[in-house]
Amino acid sequence: MHATDKQPWYREPWPWLLMILPLTAVVAGFITAWYAVVSNDGLVADDYYKEGMAINQTLHRDTAAIALDLGATLHTSADARTLHLTLAGTLSPLPNMLRLSILHPTQPGHDHVITLNTAGNGSYIGAMPSLGNGRWRLILEPPQREWRLTGVWWQPHTRTLTLDNRRPAKIQTNNLN
């Protein structure tokens, strides 16, 4: 008999080399399952059917803004701390304040709602929150929510944005240097 015939199986390298790949897959599966349970992506609404039906109610606000020939120009100050908005259209009287929602596309925890107060002659002013870089959706509406204007804000590249429901949002990118 040879000396190698008397060694137990666990002293041989080949069984360990053959078991390492399936063992790695099992460990990776447990780690993936743990991440799936612990993390919260926040993308799916609990009552998605009701939110889908609410789309018809919000579309009439877009139509109301078009009927009033509303448009708005949004501009940030040079230090990016103040928002200036100019509202134009056939709305009379102009509201004393407007609500500007700045919505993150995937993370609702990063959303901001700003109150813009009138500065006279269709001008409004408000504090600019600190936003992360990327794409943000804007919704401008009065407190009673009869109409709304929407647009897309690219932070930090967009300094001036035109909100107009009759055509896609116009974006003017200015050099921030």
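The following questions and answers concern a predicted model of a protein chain.

Me: How many helices and strands does the protein chain hold, and in which order do the elements run?
Reply: The chain has 177 residues, of which 26% count as buried. Its secondary structure comes to three helices and nine strands. From the N terminus on, the order of the elements is α-α-α-β-β-β-β-β-β-β-β-β.

Me: Which element of the protein chain has the lowest mean pLDDT?
Reply: The mean pLDDT of the chain is 81, and 81% of its residues reach 70 or more. Helix α1 (residues 13-38) has the highest mean among the elements, at 93. At the other end stands strand β9 (residues 170-173), with a mean of 43. The element with the lowest mean pLDDT is therefore strand β9.

Me: What share of the contacts with a separation of 6 or more comes from residues 24 or more positions apart?
Reply: The share refers to contacts within the protein chain. Among those with a separation of 6 or more, residues 24 or more positions apart account for 45%.

Me: Is strand β8 largely enclosed by the rest of the structure or exposed?
Reply: Strand β8 covers residues 158-163. Six of its six residues are buried, so the rest of the structure largely encloses the strand. The answer is largely enclosed.

Me: Which residue of β8 is the bridge partner of Leu74?
Reply: Strand β1 (residues 71-76) and β8 run antiparallel and are joined by four bridges. Within β8, the partner of Leu74 is Leu161.

Me: How many bridges join β6 to β7?
Reply: Strand β6 also pairs with β3, in antiparallel fashion, through five bridges. On the side of β7, Ile139 stands opposite Thr150. The strands β6 and β7 run antiparallel, and the number of bridges that join them is seven.

Me: Why does the salt bridge between Glu141 and Arg61 tie together parts that are 80 residues apart in sequence?
Reply: The side chains of Glu141 and Arg61 meet at 2.5 Å, N to O. Because Glu141 lies in strand β6 and Arg61 in helix α3, the pair ties together parts that are 80 residues apart in sequence. Both residues are buried. The elements concerned are strand β6 and helix α3.

Me: Which residues do salt bridges that share partners join into one network?
Reply: The structure has four salt bridges. Glu141, with a relative accessible area of 2%, is buried. Arg145, which is partly exposed at 41%, meets Glu141 in a salt bridge of 3.5 Å, N to O. Salt bridges that share partners join into one network Arg61, Arg99, Glu141 and Arg145.

Me: Where is Arg145 found, and what is its phi?
Reply: Arg145 is found in the loop between β6 (134-141) and β7 (149-155). Arg145 is not a glycine, yet its phi is positive, at about 60°.

Me: In which loop is Asp69 found?
Reply: Asp69 is a residue other than glycine with a positive phi, near 55°. Its relative accessibility is 36%, so Asp69 counts as partly exposed. The loop is the one between α3 (55-67) and β1.

Me: Which peptide bond is cis, with omega near -5°?
Reply: Pro93 lies in the loop between β2 (82-88) and β3 (97-103). The cis bond is the one from Ser92 to Pro93.

Me: Which residues do ring pairs link into a cluster?
Reply: The structure holds three aromatic pairs. Trp9 and Tyr10 form an edge-to-face pair, 6.0 Å centre to centre with 85° between the planes. Trp9 and Trp16 form a stacked pair, 6.0 Å centre to centre with 25° between the planes. The residues linked into a cluster are Trp9, Tyr10 and Trp16.

Notes. Residues are numbered from 1 along each chain as its sequence is written. Side-chain values use heavy atoms; hydrogens and water are left out. Rings of Phe, Tyr and Trp (its six-membered ring) pair if their centres lie within 6.5 Å; planes under 30 degrees apart count as stacked, over 60 as edge-to-face and the rest as tilted. pLDDT is the predictor's confidence in each residue, from 0 to 100. Helices (H or I, at least four residues) and strands (E, at least two) are DSSP runs, numbered from the N terminus. Buried means under 20% relative accessible area, exposed over 50%, partly exposed in between (1.4 Å probe, protein chains only). Two strands pair if DSSP finds at least two bridges between them. Contact means heavy atoms within 4.5 Å.
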